[in-house]
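Subject: Handing over the model

Dear colleague,

I am passing on the structure we spoke about, together with some notes on what was found in it. Please have it open beside you while you read.

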Amino acid sequence: MSPAAESAPNERAAGEERPRADPSVLRALLKLASLVTTTTGEDGLVEAVAETARELLLADSLTVSRVEDDGTTLAVVVNVGELGPWEERWPQDERYRFEDFPQTMACFVGAPTVRWATRIDDPDAEPAERALLRSLGKESSLKTPIVVGGELWGELWASRGHGVPPFDDGDSDLAAVIVALVAAGLAQADAWRAVQAQASTDAMTGLPNRRAFDAHLAAHLEASQSAGRPLSLLVGDVDGLKICNDTQGHAAGDDALMRVAGAARTVVADLPDALAARLGGDEFVVVLPGHDGAAALELARRWCDLSRHEGHGTSLSCGVAVATAGESADPRHLVMAGDEALYAAKSRRGAGPVLAARART
């Protein structure tokens with residue numbers, strides 16, 4: 001044997017055909033990779049990935065689940081394919097405890113997983129997994145953990161029914177490739193959410209910023225008008241902030257601003273679709289869908305009371321503007337009306353919030 005032949009034992013004989021990957025698998029993997037790189041929302045990504053993963057694994061049904069906050073349970077996010085009699089595509093309360101599946105979910109509690117694939121006719125199979133397959137009318141299953149950023153995020157669970165070969169090692173390898181792509185997509189979605197949150201959040205107070213406020217007001221003003229409901233806007237401005245900064249330092253001024261921000265959070269707590277935001281400097285706003293002038297004034301008084309800081313000598317002036325039910329109003333005009341009411345409130349400092357006569361149309 002020549003030295004060249006000895007150094008290349010894996011070279012194919014002349015004319016020998018090189019094995020090719022299944023074109024349908026390649027196409028599905030390319031589709032999955034495209035979904036991962038173009039889908040930014042987690043729910044949309046999970047649903048699209050589930051459908052494509054089912055196609056790749058030749059599964060009758062496929063489920064994507066996520067580890068819950070308590071770290072002991074998987075909550076199903078989406079079920080796709082030929083579902084069982086009690087399954088739903090977007091279940092509200094389908095959960096599985098790790099302790100009930102000690103062989104197939106052991107990795108979720110830091111123990112070695114005994115098996116990834118299960119056949120219902122295997123007498124040594126995990127009882128809970130066999131019972132699950134039986135309840136769904138399926139014959140075999142394959143579980144693959146989804147790891148994002150080094151932490152267990154959830155699980156991809158695939159099943160096959162009667163007359164279909166059970167999952168094998170090749171399927172397990174393919175599932176590992178799929179979840180690696182899924183993990184990349186989920187990490188990208190997390191990064192996208194972080195960027196979006198940063199772009200719409202006031203760095204100091206953690207409240208939504210002007211950008212988030214503008215979008216929220218426009219959307220909910222239109223929705224309120226369509227539904228024939230009022231919408232109120234509170235515009236607040238901190239009194240005494242400059243003196244506080246000059247005499248006590250900017251740390252005290254920041255503390256006064258945080259007091260106003262915290263008070264705004266308290267006011268909107270448990271109010272559907274309400275939003276508190278910082279526009280910049282010492283100006284804050286609160287959006288109150290479904291609240292008329294009287295209700296908004298009451299909340300404005302509470303906001304002012306909670307914002308007062310005796311130690312720093314700061315308080316809050318507040319103007320209230322209302323878009324009446326059934327009346328067309330422009331978000332800019334509503335803000336202008338709130339500003340005018342705010343100026344009136346500041347001119348009579350300490351007398352309480354002022355209600356604008358009417359938002360301009």
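Predicted model: local features only at pLDDT ≥ 70, side-chain atom pairs only at ≥ 80, totals over all residues.

**The five-stranded sheet**

S8 and S9 are part of an open sheet of five strands, whose order is S8-S9-S7-S10-S11 and whose pairing is mixed. Its edge strands are S8 (275-280) and S11 (354-355), each of which pairs on one side only. Strand S7 (residues 231-239) runs antiparallel to S9 (residues 283-289), to which seven bridges join it, and Leu 231 has Pro 289 as its bridge partner in S9. S7 also runs antiparallel to S10 (residues 315-323), here with nine bridges, and in S10 the bridge partner of Gly 236 is Cys 318.

Are the residues of S7 buried or exposed? Nine of its nine residues are buried. Leu 231, Leu 233, Val 235, Asp 237 and Asp 239 point one way from the strand, while Ser 232, Leu 234, Gly 236 and Val 238 point the other way, and all are buried, the two aspartates, Asp 237 and Asp 239, included.

Helix H6 (residues 210-227) lies across S7, S8, S9 and S10 and runs at about 135° to S8. Helix H9 (residues 293-307) packs on the sheet as well, where it touches S7, S9, S10 and S11, and its direction makes about 165° with that of S10.

**Thr 205**

In the loop between helix H5 (169-199) and H6 you will find Thr 205. Thr 205 counts as buried because its relative accessible area is 4%, and the cut-off for that term is under 20%. Not counting residues up to four places away in sequence, Thr 205 touches Met 258, Ala 261, Arg 265, Arg 278 and Phe 284. As for Arg 278, it is 73 residues from Thr 205 in sequence, yet the two are 7.8 Å apart in space, C-alpha to C-alpha.

Strand S1 (residues 61-67) and S2 run antiparallel and are joined by seven bridges, with Val 64 facing Val 78 of S2 as its bridge partner. The hairpin made by S1 and S2 has five residues between the strands, and in it Gly 71 takes a positive phi near 70°. Strand S2 (residues 73-81) is mostly covered, since eight of its nine residues are buried. S2 also runs antiparallel to strand S3 (residues 95-97), to which three bridges join it, and Ala 75 stands opposite Arg 95 in S3.

**The cavity**

The structure holds one cavity of 30 Å³ or more, and about 90 Å³ of space lies in the largest cavity. Of the 13 residues that line the largest cavity, the closest to its centre are Thr 63, Glu 94, Tyr 96, Leu 132 and Trp 157. At least two residues of the lining come from each of S1, S2, helix H4 (127-136) and strand S6 (151-160). By kind, the lining divides into six nonpolar, three polar and four charged residues.

With best wishes

Terms used. Residues numbered from 1 in each chain as written. Heavy atoms only, no water. Buried < 20%, exposed > 50% of the residue type's maximum accessible area, 1.4 Å probe, protein only. Helix = DSSP H or I, 4+ residues; strand = E, 2+ residues; numbered from the N terminus. Pairing = 2+ DSSP bridges. 1 Å grid on protein atoms, 1.4 Å probe; cavity = no way out; pocket = protein on both sides within 12 Å on 5 of 7 lines; lining within 4 Å. Points joined across faces, edges and corners; volume = space filled by probe spheres on them. Nonpolar A, V, L, I, M, F, W, Y, C, P; charged D, E, K, R; others polar. Contact = heavy atoms within 4.5 Å. Axes fitted to C-alpha atoms, helices over the stretch in contact; angles between N-to-C directions.
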